[in-house]
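User: I'd like to learn how to read side-chain contacts in a model like this one. Could we go through it together, step by step?

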Amino acid sequence: MKKTIVYIDGYNLYYSLLRRTPYKWLDVVALFQSIIKAQDSTADVIQIKYFTAPALAKFASHGKDSVSAQNEYHRALKAKYGELIEIVSGYHTATQANLMSYIEPPQTESRHKVWLIEEKQTDVNIALTIYRDIAKNNVDQVVVCTNDSDMVPALQSIVEDFSECVIGLVVPIPEPKNDVHRYPNAELKKLAHWTRHYIRCDELNIAQLPNTVPTRKKAARRPAHW
């Protein structure tokens with residue numbers, strides 16, 4: 001069997017696919033096991049590594065409820081799957097920025113003060129974790145869930161340094177509908193041995209956690225606004 005680890009860019013998955021759907025209570029283990037088995041029957045998914053950053057309540061749509069929802073989700077995944085899933089957290093920064101107004105042609109003197117919210121460490125964490133897992137001979141196949149071009153240098157290094165390792169790419173975008181298309185990043189696709197170009201709604205619907213997930217303490221519950 002082919003030892004396989006999945007590396008999920010949680011930010012990219014959420015904002016590219018899940019944000020405006022009822023599928024946020026997603027069982028990522030069940031989803032990716034299904035997708036990968038369909039692609040490669042010899043794959044043995046030994047771990048899912050989920051990279052994210054804690055929400056900032058004062059900037060979130062539902063304030064403290066957004067923070068609570070994220071925590072409940074992480075608790076549910078860990079309670080159900082234990083060491084099969086690892087949640088790796090970076091962090092967010094919120095700083096003042098003086099950005100140009102959206103005007104054509106651009107006018108450098110027309111600016112507005114805005115909050116600039118940035119996720120930190122996620123891309124670096126994903127890149128280093130993949131590289132170290134391969135270097136330690138922990139994995140035969142890496143499957144990356146992202147459509148972020150920032151991952152191109154990392155995958156390029158893996159191709160050059162570990163040519164025997166199989167790279168799979170699962171792009172977290174919806175299935176094309178009514179001639180509305182979003183496309184996988186061409187550079188990422190070129191570096192992968194295989195690419196899953198989208199994730200279907202029926203797959204998301206099937207791969208949902210139970211509304212209540214028992215834990216050693218208080219049960220984790222699906223947030224009402226999800």
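User: How far apart in helix α3 are Glu72 and Arg75, in residues and in helical turns?

Analyst: This is a predicted model, so let's read it as such. Glu72 and Arg75 are three residues apart in helix α3 (residues 64-81), which means about one helical turn separates them. The general idea behind such a contact is that side chains of opposite charge can pair when their charged atoms come close. Here the side chains of Glu72 and Arg75 meet in a salt bridge, at 3.0 Å from N to O.

User: Is Glu72 buried or exposed?

Analyst: Glu72 counts as buried, because its relative accessibility is 18% and the cut-off for buried is under 20%.

User: Which parts of the chain does the pair of Lys49 and Glu86 link?

Analyst: The side chains of Lys49 and Glu86 meet in a salt bridge at 3.8 Å, N to O. That pair links distant parts of the chain: Lys49 sits in strand β2 (residues 43-52) and Glu86 in strand β3 (residues 85-89), 37 residues apart. Lys49 is buried, with a relative accessible area of 6%, whereas Glu86 is partly exposed at 32%.

User: How many salt bridges does the structure hold?

Analyst: The structure holds nine. Among them is the one between Glu118 and Lys120, at 3.7 Å from N to O. Both ends are partly exposed: Glu118 has a relative accessible area of 32%, and Lys120 is at 29%. There is also a network of salt bridges that links Arg196, Arg200, Asp202 and Glu203.

User: Let's turn to aromatic rings. How many aromatic pairs does a search of the whole structure find?

Analyst: The search finds eight. To classify a pair, look at the angle between the ring planes: over 60 degrees counts as edge-to-face. The rings of Trp25 and Trp226 have centres 6.1 Å apart and planes at 70°, so this pair is edge-to-face. Trp25 lies in the loop between α1 (10-18) and α2 (28-39), and Trp226 in the segment after β10 (220-221), so the pair ties together parts 201 residues apart in sequence. Trp25 is buried at 0% relative accessibility, and Trp226 is buried at 17%.

User: How are the rings of Phe59 and Trp115 arranged?

Analyst: Their centres are 5.1 Å apart and their planes are at 65°, so Phe59 and Trp115 are edge-to-face. Phe59 is in the loop between β2 and α3, and Trp115 is in strand β5 (residues 111-120), 56 residues apart. Phe59 is partly exposed at 27%, while Trp115 is exposed at 53%.

Methods: Residues are numbered from 1 along each chain as its sequence is written. This is a predicted model: local features need pLDDT of at least 70, side-chain atom pairs count only at pLDDT 80 or more; totals for chains, interfaces and linings use all residues. Side-chain values use heavy atoms; hydrogens and water are left out. A salt bridge is a side-chain nitrogen of Lys or Arg within 4 Å of a carboxyl oxygen of Asp or Glu. Helices (H or I, at least four residues) and strands (E, at least two) are DSSP runs, numbered from the N terminus. Buried means under 20% relative accessible area, exposed over 50%, partly exposed in between (1.4 Å probe, protein chains only). Rings of Phe, Tyr and Trp (its six-membered ring) pair if their centres lie within 6.5 Å; planes under 30 degrees apart count as stacked, over 60 as edge-to-face and the rest as tilted.
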